[in-house]
Amino acid sequence: MVQPRQRVYQAWKGDNRFFFGGRLIFGPDVKSLGVSVALIVVPVALFCVFVARHLRHQFHANDAGYAILIVAIVYTIYVLLLLFVAAARDPGIVPRASHPPQEDIHYDSLSLTDTPETLQFPRVKEVIVNGMPVKVKYCETCMVYRPPRCSHYSICNNCVERFDHHCPWVGQCIGKRNYRYFFLFVSSSSLLCIYVFAISALYIKVLMDGDYPTVWKALKHSPASLALMIYCFISLWFVGGLTGFHMYLISTNQTTYENFRYRSDGRPNVYDRGCLSNIYEVAFAKIQPSKHKFRAYIQEEEVRAPPANSAGEVEEQVGGPRAKLEDDLDIDGDLSKISQWHNHGDNDIEMGGGNAN
């Protein structure tokens with residue numbers, strides 16, 4: 001019976017979660033996304049019911065009071081869309097290799113007694129970035145040399161380009177292809193907190209100008225306004241502080257990971273090209289397409305059959321080209337086994353895992 005062909009997302013080796021036939025890719029902790037949605041939707045729903053609804057007729061010119069309700073609903077939908085886009089797209093996952101880079105293995109030193117510990121294989125290389133040397137490390141899980149600013153995160157089990165951090169509220173790694181949407185989500189959430197806080201305070205002022213002349217009486221009449229103001233004030237310390245921190249990172253062309261890891265080293269930032277260029281790179285530069293086609297079918301490697309021997313051809317002698325071909329295949333098989341030994345329990349040492357190179 002012929003087995004149906006698998007798509008890329010069906011044979012995915014990372015720990016991501018796919019939905020709608022591989023059209024959406026989430027992190028393994030996608031359930032936390034529901035908590036984030038609730039933290040946004042529930043306060044806004046309370047705001048619309050207990051605050052904005054009562055302000056519809058307070059501004060008689062062109063029924064401006066309705067704008068308070070409409071802005072809250074439309075802007076909340078916008079914030080949720082940013083959250084969804086940041087969580088449901090490829091953050092910049094580096095494709096895995098099927099075997100270690102053979103050009104970097106010292107074949108002349110291999111022997112039958114070689115083990116993963118004695119195999120001579122360079123774990124670090126140097127590349128030039130903006131005229132300065134930068135070390136890149138070999139990832140034993142993905143079997144590739146990571147590009148500069150790339151890190152392997154054990155929760156998602158992927159190497160991510162321009163890795164910033166893994167956000168538990170988004171449930172996804174934040175990297176090269178979704179950082180812009182993550183920043184827009186955080187900054188927009190800050191503005192939403194300010195909006196709800198300000199309108200709730202305005203409603204208390206309206207009550208005080210009416211039948212409730214003191215702050216206590218106004219708050220007692222509308223406890224929802226007080227609760228929303230407290231909630232927004234606390235939330236603003238979190239999302240507002242996060243917005244300010246990432247504005248600093250963007251202006252200096254740093255990632256969260258680089259800032260926490262290298263802040264005490266005193267090393268120069270080779271990626272800093274000036275404030276305006278750094279902002280342009282994050283906010284306006286074209287986002288590169290994903291390096292994966294998750295819905296594509298897996299292409300099976302074609303196995304070339306050896307040329308047929310003629311009827312009178314004599315079998316090749318020991319040590320001939322056929323024996324050399326078999327030896328090469330044996331080496332490739334050993335390398336695959338070695339890679340599997342390394343992959344067992346492999347975590348990136350940069351991310352605090354237990355791997356020891």
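These are my notebook entries from a look through this structure, which is a predicted model.

**Entry 1: the whole chain**

I started with the overall tally and found eight helices and nine strands in the chain. Of its 357 residues, 38% are buried. I then looked up the surface: the chain exposes about 21500 Å², and 62% of that is supplied by carbon and sulfur atoms. For contacts between residues at least 6 apart in sequence, I noted that 64% join residues at least 24 apart.

**Entry 2: the core**

Next I went for the largest nonpolar core, which has 42 residues. Phe26, Phe47, Val51, Val170, Phe182 and Phe185 have the most contacts inside it. Which elements give two or more residues to this core? I got strand E2 (24-26), helix H1 (32-50), helix H2 (65-87), H3, helix H4 (215-221) and helix H5 (223-252). H3 gives the largest share, with 12 residues.

Setting aside neighbours within four places in sequence, I have phenylalanine 182 in contact with Ala86, His165, Cys167, Val170, Ile174, Leu242 and His246. Val170 is also on the list of residues with the most contacts inside the core.

**Entry 3: alanine 198**

I stayed on helix H3 (residues 179-209), where alanine 198 is found. Is alanine 198 buried, exposed or partly exposed? Its relative accessible area is 39%, so I put it down as partly exposed, because that value falls between the 20% and 50% cut-offs. I also checked alanine 198 against methionine 229, which is 31 residues away along the chain, and their C-alpha atoms are separated by 8.1 Å.

**Entry 4: a three-stranded sheet**

Then I turned to an open sheet with the order E3-E4-E5 and antiparallel pairing. Its edge strands are E3 (124-129) and E5 (144-145), each pairing on one side only. I found two bridges joining strand E4 (residues 132-139) to E5. Tyrosine 138 has tyrosine 145 in E5 as its bridge partner.

**Entry 5: the loops of that sheet**

I checked backbone angles here too. Asparagine 130, in the loop between E3 and E4, has a phi near 55°, a positive value in a residue other than glycine. Methionine 143 sits in the loop between E4 and E5, and its phi is also near 55°.

Which of the two is buried, and which exposed? Asparagine 130 counts as exposed because its relative accessibility is 54%, over the 50% cut-off. Methionine 143 has a relative accessible area of 8%, so I logged it as buried.

Technical notes
Residues numbered from 1 in each chain as written. Predicted model: local features only at pLDDT ≥ 70, side-chain atom pairs only at ≥ 80, totals over all residues. Heavy atoms only, no water. Helix = DSSP H or I, 4+ residues; strand = E, 2+ residues; numbered from the N terminus. Buried < 20%, exposed > 50% of the residue type's maximum accessible area, 1.4 Å probe, protein only. Pairing = 2+ DSSP bridges. Core = buried A, V, L, I, M, F, W, Y, C linked by side-chain atoms within 4.5 Å. Contact = heavy atoms within 4.5 Å. Areas by Shrake-Rupley, 256 points an atom, 1.4 Å probe, with all protein chains shown as cover.
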